[in-house]
Amino acid sequence: MADRRRGAALGGPPGGGRRTASVGVDVDSLRHYYRIHGLDEGSATNAAWAVGVPRFVELFGELGIPATFYCIAEDLDVPGNGARLRSLVVAGHEIGNHTWHHRYDLTRLDPDTRWAEIAEGRSILEAAAGAPVVGFRSPGYNTDAALQVDVAASGHEYDTSVFPCVPYYLAKAGVMGAMRLRGRRSESVLGTPRVLAAPRDPYVADARQPHRRGSTGLRQYPVSVVAGVPLIGTAFTALGRAGSRAAVALAHAARHHVTVEFHAVDLLGLTDDGLDPALSVQPDLKASVARKRRIYRTILGWLAARRRFVRLDTLP
Ligand SMILES: [Zn+2]
């Protein structure tokens, strides 16, 4: 199937239909937010899976949008998450591989451990979902040539780990630097600045350089960024409804295919859901769920009226 799809015009309108858009949700459980902020993960709950995911399913259902949920295989060890995963498939959504344990240092691991994170993650998710898992998203958006080779060799047909966003890259560098100054350790990895020169529209990558166009690598679907604004949940929450709609309209005008990304925690609220106050280090969690839902519904509805939402595993 990969051969049939390779070389086709990516994100193109098959049969001359409307242009396309896709939406993905990274189901990062709360423990990863504790880890990235250097907090004690012993207080982490399963709210991302148990509360955040169903809220997104309900929102996408109202709009008739199929989505891809990029899941972490080890989260299936938590009772109930296997059933939640299967219910996503039943609702018509795609399951993507967000690795076995969500190691932020994936690109720095030894080859055997890296392979296991990618290949075992996919096998576990596929077995639990009872549906093919062909899409990959790397933790923290870090990818490189060796990782890309493993992603392709382990049966994936596309990758959506490229996030060519200058403000995000600089902010991540700043946060990591500030934590180092305070003597705290983040598990985050900055990754290569080559990502900033990556194509903005979907492309077939060079196998030796996933941030460049080529013919030997995987299909890449970069997270959409326009005028420095990434089309991700935290940015929408910061921009509000009018600002988010303006950003999405710019992306609609500029991009062949629009890739929107959320995290399951984007529809959680510190107060709404009684989360640990220590998580207020993640500022968007302080916003109310109702406000965030209104913003997300507005921009997804706006896009759905103008583009055809597709699952990335169905694109040619
Ligand atoms: Zn993640």
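How many residues lie between strand 6 and strand 7 in the hairpin they form? There are 2. Before you select them, note that the model is predicted, with local features needing pLDDT of at least 70, side-chain atom pairs counting only at pLDDT 80 or more, and totals for chains, interfaces and linings using all residues. Residues are numbered from 1 along each chain as its sequence is written, and side-chain values use heavy atoms, leaving out hydrogens and water.

Select residues 203-206 (strand 6) and 209-213 (strand 7): the two run antiparallel and are joined by 2 bridges. Strands here are DSSP runs of E, at least two residues, and helices are runs of H or I, at least four, numbered from the N terminus; two strands pair if DSSP finds at least two bridges between them. Now pick Ala 205, whose bridge partner in strand 7 is Arg 213.

**Stop two: a helix pair.** Jump to helix 3 (47-63) and helix 4 (81-90), which pack at about 10° with axes 11 Å apart. Axes are lines fitted to C-alpha atoms, for helices over the stretch in contact, and angles run from 0 to 180 degrees between N-to-C directions. The pair is roughly parallel, a label for angles under 35 degrees. Show side chains for Trp 49, Ala 50, Val 53 and Val 57 of helix 3, then Asn 81, Arg 84, Leu 85 and Leu 88 of helix 4: these make the contact (heavy atoms within 4.5 Å).

**Last stop: Leu 250.** Find this residue in helix 8 (233-254). Leaving aside neighbours within four places in sequence, Leu 250 touches Val 226 and Ala 227.

Notes: Parallel < 35°, antiparallel > 145°, perpendicular 65-115°, else oblique.
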